[in-house]
Amino acid sequence: MSSRGAQILSNFCSIPPERLPRGWQILGDVIIVRVSEEHKKEVGEALLRMYPRAKTVLRYLGLKGDMREPIVEVIAGSGETETIVRENGCLYMLDASKIMFSKGNVEERRRMSRVGEDEEIVDMFAGVGHLSIPIAVHSRPKRILAIEINPVAYEYLKRNIELNGIRCMTAVLGDCSEVTPEGEFDRVIMGHIHLARRFLSKGIRALKNEGGILHFHDLAKEPSEPVEILRRACNKERREAKILEVRRVKSYAPRRYHYVVDAEIR
Ligand SMILES: C[S@@+](CC[C@H](N)C(=O)[O-])C[C@H]1O[C@@H](n2cnc3c(N)ncnc32)[C@H](O)[C@@H]1O
């Protein structure tokens, strides 16, 4: 069955709704859509007619590497891909052809805007500030250290700190496995579903000796998997973990889910 979006889009082209994409992502004035080679031109033009303020339509082909860079091609519009996303009172400038901004993580970004008051926080895989900008904007933390390895994302991270008028947040260009300080933080965010497992000991060691909260993002079949991995990592570090919550952030692939485990670690 076609979606409501596809039905509306079909008014702007000659393709029947059941053969159109069911949805697309709007990042500021850039649209990203999964579409077949056969229909890409017509769908791109139709989306531009449907959203007259959009400047470019990108065809989404996947993500590559540890830096989670999108693979895209311009299918309509000017080809300009730098844009500003407004969400939950936060501004994120990014280049949609180089930086991923997952729409499936919207609730997690919202959730982060409700934590961290008066805390010292490290975001080990900061991207353009997806998860730490909402904390800085809404929660009055004491300080946030945001670490990002990709120079392109790092430049946007710095600009987003400025754009949102944030004073308590510092961006660092580097590998979090090398530059994350130990024993300094009340809260650690490990928002990379493919790498967080590997760097868990670094995240645990970043917490203050008296303890703190760790947000461990992971890709797994069921919630018990990341919980077990986190417990084992804590045992190895001779720390105790109390699991506060396990949330399914989004479905990632057949029977594979993005989970986030919140744990209090002492
Ligand atoms: C999934 S993205 C952004 C994650 C963001 N926290 C979110 O939930 O949307 C992960 C980011 O981690 C960065 N990254 C990958 N390896 C890293 C490392 N060793 N140290 C710091 N950042 C890293 C990537 O470049 C990418 O920008």
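Helices (H or I, at least four residues) and strands (E, at least two) are DSSP runs, numbered from the N terminus, and two elements are in contact where heavy atoms lie within 4.5 Å. The model is predicted, so local features need pLDDT of at least 70 and side-chain atom pairs pLDDT 80 or more, while totals for chains, interfaces and linings use all residues. Residues are numbered from 1 along each chain as its sequence is written, and side-chain values use heavy atoms, with hydrogens and water left out.

Select helix 5 (residues 151-163), which lies across strand 8 (143-148) and strand 9 and runs at about 165° to strand 9; such angles run from 0 to 180 degrees between N-to-C directions, the axes being lines fitted to C-alpha atoms, for helices over the stretch in contact.

Next, show the open sheet of seven strands, ordered 9-8-7-10-11-13-12 with mixed pairing, where two strands pair if DSSP finds at least two bridges between them. Strand 9 (169-173) and strand 12 (241-253) stand at the edges with a single partner strand each, so one side of each has no neighbour in the sheet. Strand 12 and strand 13 (residues 256-265) pair in the antiparallel sense over ten bridges, and arginine 247 has valine 260 in strand 13 as its bridge partner.
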